[in-house]
Amino acid sequence: MTTILEQPSANTTGKATVNKHHRQGENECPPSKRSKPEEDSSPVKNGNGNSVEFPKQTSLSGFGQSGNVNIESTKNGGDSTEKMDTSNNAGKIGEGSDDVLDKNLYSRQIYTLGESAMVNLRTASVLISGLGSVGVEIAKNLILGGVRHVTIHDTKLTKWSDLSAQYYLREADVGHNRATACYERLAELNDSVNVETSTDILSEEFVKNFDLVVLTDVPRAEQRKVASWTRAHNRRILIADARGVFSYIFNDFGEDFRIDDATGEQVREFFIEHIDRLTGEVTTLENLFHGLEDGDHVTFSEVKGLDGINGCEPLKITVKNASKFNIGDFASSFPDYIEGGRCRQVKVPITVSHASFEKSLEEPEFGIWDYAKFDYPGHLHALWTALYAFEEKYERSPTPRSLEDVSLLKALIPTGNDEIPEQLIQLFSFSAAGNLVTVSSVVGGIAAQEAMKAVTHHMTPLKQWLHLDHIEALPGDWTTFDNSKLSESDCQPRQSRYDGQAAVFGWPYQECLFRQRWFVVGAGAIGCELLKNLAMMGVACGKGGLIKITDMDQIEISNLNRQFLFRRRDVGGKKSECAARAVTAFNSDVHIEALAERVGIDTEHIFNDDFFGELNGVANALDNVDARRYMDRRCVYYRLPLLESGTMGTKGNTQVVYPHLTESYSSSVDPPEKEIPVCTLKNFPNEIQHTIQWAREQFETFFAQPGETANKFLSDERAFNDHIDKLISGQQIEILQKVKDALIDARPSSAEDCIRWARNQFQELYHNAIAQMLHSFPPDQLTDSGAKFWSGAKRCPHVLNFDPSKEEHLNFVYAASILKAEMYGVKPILDREEVIRIALSVNPEPFEPRSGVKIAVTEAEAKEQNERGAAASIGDDDDAAIEALKLKLATLNVKSTNKLNCIDFEKDDDTNHHMEFITAASNLRAENYDISPADRMKTKQIAGKIIPAIATTTAAVAGLVCIELYKVIDANGVPRTPIERFKNTFLNLSMPFFSSAEPIAAPKKTYMDKEFTLWDRIDIQGPLTLKEFLEEVSRQTGGCQVSMLSAGACLLFSFFMNGAKKEQRLVTEVKAVYEELLKKPLHESVRAIVLEPMMSDPNDEDVEVPYIRYSF
């Protein structure tokens, strides 16, 4: 483990001195080489395909310590010609890429960028100059992302204001070079990335060696000079900066920058209904939505007729409507279209041209950050120019709240910008000395994604300026911290790590942040970023302040690519505990408490009234909708601000849920995910997704469900039979047969039995079942209307014969036999040759078609079969069959029979054979139906329902969340912030696209001339009998009567209730009624219950009223 000894240094800006005592551990490399030695010794190529050489390192002298700080430069080949890359269309990585790409580490990012883009990242070299708050954020994201060579450069020394947002600097680093001070902390983020430092003044010879140069926190003159060098040597440059609530990004990727995939979205693929060769019009099967846009390119396959269209070069299309598009006259000379066909979108590289930095300064092109401020980009562009001129002239930034400096800044605004509002000029000047981690997180996340585009040619780069502002975060007269009333003394630096934030918000506001108490739910990617931001902001860093975080998950290898608080040594540890421990290294003042509990009804004795009663707010960092909705209900009940967010690849969103002001998270519901029809899944797959989902179900059928069912029988035979007796006969037979198979008929006694079982399963699934299908529906089968049965989306299958020389044939038997052995506690045979020998010794019975087999053709038939049970058609004498099965099971000695090991699917462990089985099972079924197979990476994503993720989006979203947190701070609790100050944001970094809007107001409802929203409730204090309770409800609602009263699934009262029961309930205390229905007493921590009434007004009309909180 590498340790930096923090001690004073006589450093100058031109040299770096760092003490390092290095002890090389299992997963660590020497500080200056964070990669495998064999990778360093061989030549690599950069993102352009050019060779990169790494010259001998030169070291800087230290205090006589054993370690050195190394400066390393890179050299590029001179050929700037870039070969067209269409590998994004292949859907899988090229062979031999594993030597540069750790698929376990980068799996979620691979699903975001694609594997070809990831390979480009793993061979790229990037220089990041300026290790302030924005520079460190970009460096962190690029190192996590796997850029192969990252050189961090700085000539500036650490100042107190840096500590407000540069989380890899410490108080002891003040006066030390920023790059060398944070080098070790950055380098340990990813031991497969070469991280080097440089502290010399930048030179053209040095700069030209990198694929991309990133400049942050440097003067305008330096920007101009370096940008001219990168242009001259056909390199790319990205410039970014942030001051207070303002920031910007600039790109110059050259005059002819190639984009291999403009959107990063999956290619579209669909079936064809008809192609008109004369008009070129193409219609999708059943008028399904094709999802194409004008200018997209497509190709075709499996089309009958139109000889020459299958496998054609990509054709440019024009869209007619949602189900039709046109390919022009390409097919006009072909024979007529007959039937069928698939169409597939093809990503064709395009070229964009960027203006030079010098030209773009004068004639800028702007991306839009906030469409409500359409004129802001031009205003801010001029103000940044004035700020750089101010700092060059006065060698300082404008003083916060100094009206004199506002005038000096205004005098330096370029001519022709007279329309800039005076208030904006003032806010910009007041903010210019500020350094906010939240803003740096946003701009650094976006900029890092742009940097990835520069070296991967994947997704559309910004063209070319993006100016961001967050002036809505500044408190107004609705709080005690009105920003307009701050004085210079309120914002003066105190040689404190919070100087940069106090310069913007003032010290009284900062001290209020110290006392905040927040609950962060989830310690995954967003959770880690939120903790970092909160700690650097100073949240819970004073007396009375506290951050509580909970996450029950453990750290996995795949987390390390974006959950940056974790290291390889943390794998297997609790996320919340490791994150809490790690974030205290950023700011030792922070008070944080880690829990490892799931939030839900079953933990309400932990997350109870006392827990929520002491909070100022909640920030969700969850990965599932159910948990989000639960926390949403909790925050509405306790009337707490909720900051909600989520990401999916390069897309992200934030939502503010604010008491008495906005709708809640649950107020709107996303459309349900499209499910694969059961009949398609079971009998008529036509896409690889169908076969993967089918294989996933086979895994459960073979290795999870039998054990669960059999173990229930072994645990309590009587209770098991009592449950079985309540089912319909078909389901009884199905379940009993499964138990009999698991414990008697199919129970292996040896590893050889497991292999024979696996071989027979291959025969049944991929030969016999398909042969039965073809017996029922021959290839030339016609429907009642005379149409071909095997047409459209129905693909006619063919049987497979076991051939161990084919990889997936052997993989299926091999993996299935190992998993079967694991189920029964049998030592498996791992020798593949031995598995082949035993599998070949199995001679399956010749296939004989079965009569009376019903194959579901429609979705209704498939659902009916599922509901009735697979054994429902076993015969008329079901009772006899059930009794026979029960008698057979009764002969088992339950006490001496070992329970089965239920195998829970785990996608991220390559040694457990789970994904090996599912991939083989899926690809064999795909072979049955002539569907293109999928590699293990794609199979894992679909089978494991993995959400794509990348650190850049996470950083930007977490920054936006914490910018919203600024708006909910007040000395007297929750401020009355106007709804228009809040921002719900959606972003897509691939485009890039940004959209912000004020939250939707909580809908207002009325009853008996009373207005209420979801934040209102009826409070009733107990103890009261149910009768007294109903009378009190009627009194508070103006005479309305309760017709039904429920609490969760418990019905406490209804108008149709049995008379005697009603009379008994009415004289019973409400809490006792509820406990009687629950069949258990409430936990001692529960002080109230939520009741939902159905009511009618005095005119007997149904009315909706707020929920009721009954306290006792």
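Let us begin with C679 and its surroundings. Leaving aside residues up to four places away in sequence, C679 touches F684, A856, V857, T858, E859 and A862. Please keep in mind that we are looking at a predicted model. C679 sits in helix α19, which covers residues 678–682. Is C679 buried or exposed? Its relative accessible area is 8%, and because buried means under 20%, C679 counts as buried. The UniProt record, an unreviewed entry, places the annotation "active site" on C679.

R185 belongs to helix α5, residues 178–187. With 10% relative accessibility, R185 is classed as buried. Its side chain makes a polar contact of 3.0 Å with the side chain of D173.

I turn now to the strands, starting with β13, residues 246–252. How many residues of strand β13 are buried? Seven of the seven are, so the strand is largely enclosed by the rest of the structure. In a regular strand, side chains alternate between the two faces of the sheet. In β13, F246, Y248, F250 and D252 point one way, while S247, I249 and N251 point the other way.

Which strands pair with β13? One is β12, residues 236–243, joined to β13 by seven bridges in the antiparallel sense. Within this pair, R243 has F246 as its bridge partner. The two strands form a hairpin with two residues between them, and G244 in the turn has a positive phi of about 60°. Another is β26, residues 465–469, which pairs with β13 over five bridges, also antiparallel. Here I249 stands opposite L466.

Strands of a sheet pair through backbone hydrogen bonds, either parallel or antiparallel. In this sheet the order is β19-β17-β23-β15-β16-β21-β20, and the pairing is antiparallel. Its edge strands are β19 (315–316) and β20 (318–321), each of which pairs on one side only.

Finally, the chain as a whole. It contains 34 helices and 42 strands. Of its 1112 residues, 56% are buried. Among contacts with a separation of 6 or more, 72% are between residues 24 or more positions apart. The accessible surface of the chain is about 47,300 Å², and carbon and sulfur atoms contribute 49% of that area.

Technical notes: Residues numbered from 1 in each chain as written. Predicted model: local features only at pLDDT ≥ 70, side-chain atom pairs only at ≥ 80, totals over all residues. Heavy atoms only, no water. Pairing = 2+ DSSP bridges. Helix = DSSP H or I, 4+ residues; strand = E, 2+ residues; numbered from the N terminus. Buried < 20%, exposed > 50% of the residue type's maximum accessible area, 1.4 Å probe, protein only. Polar contact = N/O pair within 3.5 Å; in protein donor to acceptor, adjacent residues only side chain to side chain. UniProt positions renumbered as here; feature names shortened; annotations may be inferred. Contact = heavy atoms within 4.5 Å. Areas by Shrake-Rupley, 256 points an atom, 1.4 Å probe, with all protein chains shown as cover.
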